[in-house]
Amino acid sequence: MILNWTYPNLGKYYRNSPPMRGTLKERFEDAKKLGLTRIEVPFDLVREENDEYLKLNKKIGDIIAKEDFEKLYGKEKFEHEYILHTDPELKENHILYWNLTEWRTKYFQSIIDFAHFIGKPPFAIEFHPSKPKRSKNMDKAIVEAFDKFKEINNPYILIENRTGMYISTVKDMIKFYETVCENLSPSEIKKFGLCIDISQIYTEQRKDPTNEIAKIPRNYILCWHIHYKHKVPSMQDPINWREITKILKETKAICLPEVFTFNNIIQTIKFIEKMI
């Protein structure tokens, strides 16, 4: 494969009994079948699905903590690369309080505790914006995260765009990146970047996002989420995938096929790689 692919999280790993979110090992075993050596690991707030909140004796939307990890992910250590995909605030009662110092501190500590629990720091951590009011001070939060994550070997920190949220347009992404970088050291800037969800930019502006995406300086981009409404991309989509693929190649960033089945992962990778 030419591009730098990561194996995505899939719904099939979730279950009613522990480990309720599936183990990292089973994800890695499936990734190896595709020749991939890095996986995406879900790190949502406490979920309603599968009565997760009841089994953890917590409220929906609570931050998961040390005592929850074994029930959610099993107790095996993990030695391979993984990207921790934190909560995207897609569900009711899943709320990201970037504006609250106490909440941020607890959230970051949960990530640190998880890294110690499985015995390996994440290769990267993906964070998402909330609504504008709750995203106040998110730029300061990212600077704080770099300081706190020194304890776990300074993983890459990625910011993903979200439709209708504080960071949703290309303009938002560029502005946020540059604002954060004003308060990072040169070494930290190398580990900070944008995670571009191409389909969500399309949804936000309701037209082919290729020209807008082309405006983003290539060194700002460290990750791509590739899909069209969580389906395999096709030439019939209202997105110029041929031009997008040229940009993907220029960035040398992580590529994650954000689709929902194992077969669709294969088809997404084939579709993009064929155009390179």
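Valine 41 sits across from leucine 84, a residue of strand β3. Everything here comes from a predicted model, where local features need pLDDT of at least 70, side-chain atom pairs count only at pLDDT 80 or more, and totals for chains, interfaces and linings use all residues. Residues are numbered from 1 along each chain as its sequence is written, and side-chain values use heavy atoms, leaving out hydrogens and water.

**Strand β3 and its neighbours**
- Strands here are DSSP runs of E with at least two residues, helices are runs of H or I with at least four, and both are numbered from the N terminus.
- Strand β2 (residues 38–43) runs parallel to β3, and six bridges join them; strands pair if DSSP finds at least two bridges between them.
- On to strand β4 (residues 124–127): β3 is parallel to that one too, with three bridges.
- Isoleucine 83 has alanine 124 in β4 as its bridge partner.
- To get from β3 to β4, the chain passes through helix α4 (residues 101–118), making a right-handed β-α-β crossover (with the strands pointing away from you, the path from the first strand over the helix to the second runs clockwise).

**What's tucked away**
- Five of the six residues of β3 (residues 81–86) are buried, so the rest of the structure largely encloses this strand; buried means under 20% relative accessible area with a 1.4 Å probe, counting protein chains only.
- Across the chain's 276 residues, 53% count as buried.

**The whole chain**
- Its secondary structure comes to eleven helices and eight strands.
- The C-alpha atoms fill a box of roughly 50 × 40 × 35 Å along the principal axes.

Key
Buried means under 20% relative accessible area, exposed over 50%, partly exposed in between (1.4 Å probe, protein chains only).
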